[in-house]
Every structure is written in C-alpha cells, then in structure tokens.
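Please keep the sequence and the structure in view while reading.

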Amino acid sequence: MIMVLGFVCIQAQTIRNSNNSTQATITANGEVRNSNNSLIARISSNGDIRDANNHLIARLDGETVRNSNNSVVGYINSDGTIRNSNNSVLGKVYDDGTVRDSNNHCIGYAKGVPMKYAALYFFFHLF
C-alpha cells in the first residue's frame with residue numbers, strides 16, 4: 001500500500017508473460033484487470049473468485065481450487081507447487097515471482113503478486 005496525501009492507495013502488481021509483456025494486474029484487494037485496465041475478476045478474502053459481472057467462477061478453499069460446481073480442479077501448495085485435480089504437477093510459483101511449468105520452462109513473472117493469485121492466473125486460467 002502507498003499513502004498519498006492522507007489517502008491509502010492500493011498498488012497493483014503486474015502479471016507478465018515470459019517475454020516480460022504485461023498481461024494483467026492484480027491489486028492487494030484482489031481486483032484482476034487485463035492489459036487494457038478493464039476489470040475481469042475479483043478474488044475475495046473468503047476465497048470466492050468472481051467475474052466482472054459478479055458471477056462465481058471458482059473458489060479457493062485453503063490449498064484447494066474448486067470450480068463453480070464445487071468440483072476440485074487443482075491444488076496450490078504452500079511451497080508454490082501447483083497440481084491439477086489428479087495431483088500431477090503443473091508447475092511452480094517461486095518466491096521471486098518467477099512462474100515455471102512442469103518442464104521448468106519460465107512461463108511468466110508475478111513479482112509482488114500473492115503466490116496463490118499468480119497460480120490462479122497462470123495455471124487455472126480463470127480470468
């Protein structure tokens with residue numbers, strides 16, 4: 001957060017692809033915006049993930065990612081490892097924000113973005 005003239009501003013963190021091009025921004029309060037700054041989703045503090053029209057598209061329940069029908073679609077482990085519903089490794093989000101697929105290829109960057117938010121963006125394609 002940044003304090004400007006007594007007002008608190010929530011600074012957005014950038015999601016970038018492997019070519020370092022901006023793909024989206026995610027604010028600390030969970031707003032996801034595309035590269036045109038249009039709101040595409042919100043991730044609430046209770047784990048609900050809603051599209052721009054406020055429709056539930058998924059839910060983050062601890063380390064478990066569930067779709068809108070409450071079916072498990074994957075897991076986000078505390079060490080940054082991302083797994084699908086069959087427990088196969090999809091990739092990993094590293095502490096420095098680097099995102100790698102299961103073949104260890106860099107697929108993007110999310111420096112300063114909460115690890116779970118980066119995982120939702122890169123591996124579960126919810127927004």
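In this predicted model, the largest nonpolar core comprises 24 residues, and those with the most contacts inside it are Ile15, Ile76 and Leu120. At least two residues of this core come from each of β4 (22-26), β6 (39-43), β8 (56-61) and α1 (115-123), and α1 gives the most, with seven residues. In soluble globular proteins, nonpolar side chains tend to be buried together.

Turning to the whole fold, the protein chain has one helix and 14 strands. Its radius of gyration is 14 Å, close to the 14 Å that the globule rule gives for 127 residues, so the protein chain is as compact as a globular protein of that length. The C-alpha trace spans about 50 × 30 × 25 Å along its principal axes. Among contacts with a separation of 6 or more in the protein chain, 29% are accounted for by residues 24 or more positions apart.

As for burial and surface, 33% of the 127 residues count as buried, while the protein chain exposes about 7200 Å², of which carbon and sulfur atoms supply 43%. The protein chain carries 11 positive and 9 negative side chains, and the centres of these two sets lie 3 Å apart.

Note on methods
Residues are numbered from 1 along each chain as its sequence is written. This is a predicted model: local features need pLDDT of at least 70, side-chain atom pairs count only at pLDDT 80 or more; totals for chains, interfaces and linings use all residues. Side-chain values use heavy atoms; hydrogens and water are left out. A nonpolar core is a set of buried Ala, Val, Leu, Ile, Met, Phe, Trp, Tyr and Cys residues joined through side-chain atoms within 4.5 Å. Buried means under 20% relative accessible area, exposed over 50%, partly exposed in between (1.4 Å probe, protein chains only). Helices (H or I, at least four residues) and strands (E, at least two) are DSSP runs, numbered from the N terminus. The radius of gyration is taken over C-alpha atoms; the globule rule is 2.2 Å times the number of residues to the power 0.38. Contact means heavy atoms within 4.5 Å. Accessible areas come from the Shrake-Rupley method with a 1.4 Å probe; for residues, only the protein chains shown count as cover. Lys and Arg count as positive and Asp and Glu as negative; His and the chain ends are not counted. The place of a charge is taken as NZ of Lys, CZ of Arg, CG of Asp or CD of Glu.
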